[in-house]
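Hi there,

Here is the structure I promised to pass on. Could you have a look at it alongside my notes below?

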Amino acid sequence: MHFQSLNTHQQYCSYLMKMRRNFLKMYHSHQDHLLPCLHCHPHSYIRMVHHLIERCLLLHMSRDQCIQALAEHASIRPLVTLAVWRELEKENWDFFQAYSRSVPFRPFPHRLTQRMPRLGRRKQWK
């Protein structure tokens, strides 16, 4: 990921964990969910995802990097992040056009794009 420094990345990760704890205290008396529940408090959950996406934008992260970071560090499903990102793009089309030009494309590391060897023969259908 593109971060200005490792210290910034650590601060961001600790910030995500702090957000998780704060939202858990505010909105859930039961311990079934690690984050505010999309089903119990959808408005609050989407507002939290919106806020976290804005934080990713401040760190000059691409859409894919943002989706990956929120999935990894905040346990937010990628489809939810993608849906909120697309809505933000609709509302702020000019901003995202300028942003996409300012954030350089960084392809995934080669080791992640290598094809995995097959683990055995496919079973034949009868």
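Ile 46 counts as partly exposed because its relative accessibility is 40%; buried means under 20% relative accessible area, exposed over 50%, and partly exposed in between, with a 1.4 Å probe and protein chains only. Its place is in helix α2, residues 42-58 (helices are DSSP runs of H or I, at least four residues, numbered from the N terminus). Leaving out residues up to four places away in sequence, Ile 46 touches Leu 38 and Val 84, where contact means heavy atoms within 4.5 Å. Thr 81 is 35 residues from Ile 46 in sequence, with 8.8 Å between their C-alpha atoms.

Before going further, a word on the source: this is a predicted model, in which local features need pLDDT of at least 70 and side-chain atom pairs count only at pLDDT 80 or more, while totals for chains, interfaces and linings use all residues. Residues are numbered from 1 along each chain as its sequence is written, and side-chain values use heavy atoms, with hydrogens and water left out.

Now the core. The largest nonpolar core has 25 residues, and those with the most contacts inside it are Met 48, Val 49, Leu 52, Ile 53, Leu 70 and Ile 76. Such a core is a set of buried Ala, Val, Leu, Ile, Met, Phe, Trp, Tyr and Cys residues joined through side-chain atoms within 4.5 Å. At least two of its residues come from each of α1 (6-27), α2, α3, α4 and α5 (93-102), and α2 gives the largest share, seven residues. Val 49, neighbours within four places in sequence aside, is in contact with Ile 76, Val 80, Thr 81 and Val 84.

Next, a helix pair. Helix α3 (residues 63-73) packs on helix α4 (residues 78-91) at an angle of about 135°, and their axes are 9 Å apart; the axes are lines fitted to C-alpha atoms over the stretch in contact, and angles run from 0 to 180 degrees between N-to-C directions. The contact is made by Arg 63, Cys 66, Ile 67, Leu 70 and Ala 71 of α3, and by Pro 78, Thr 81, Leu 82 and Trp 85 of α4.

Finally, two loop residues for you to check. Most residues other than glycine have a negative phi. His 60, in the loop between α2 and α3, has a positive phi near 60°. Ser 75, in the loop between α3 and α4, also has a positive phi, near 55°.

Best wishes
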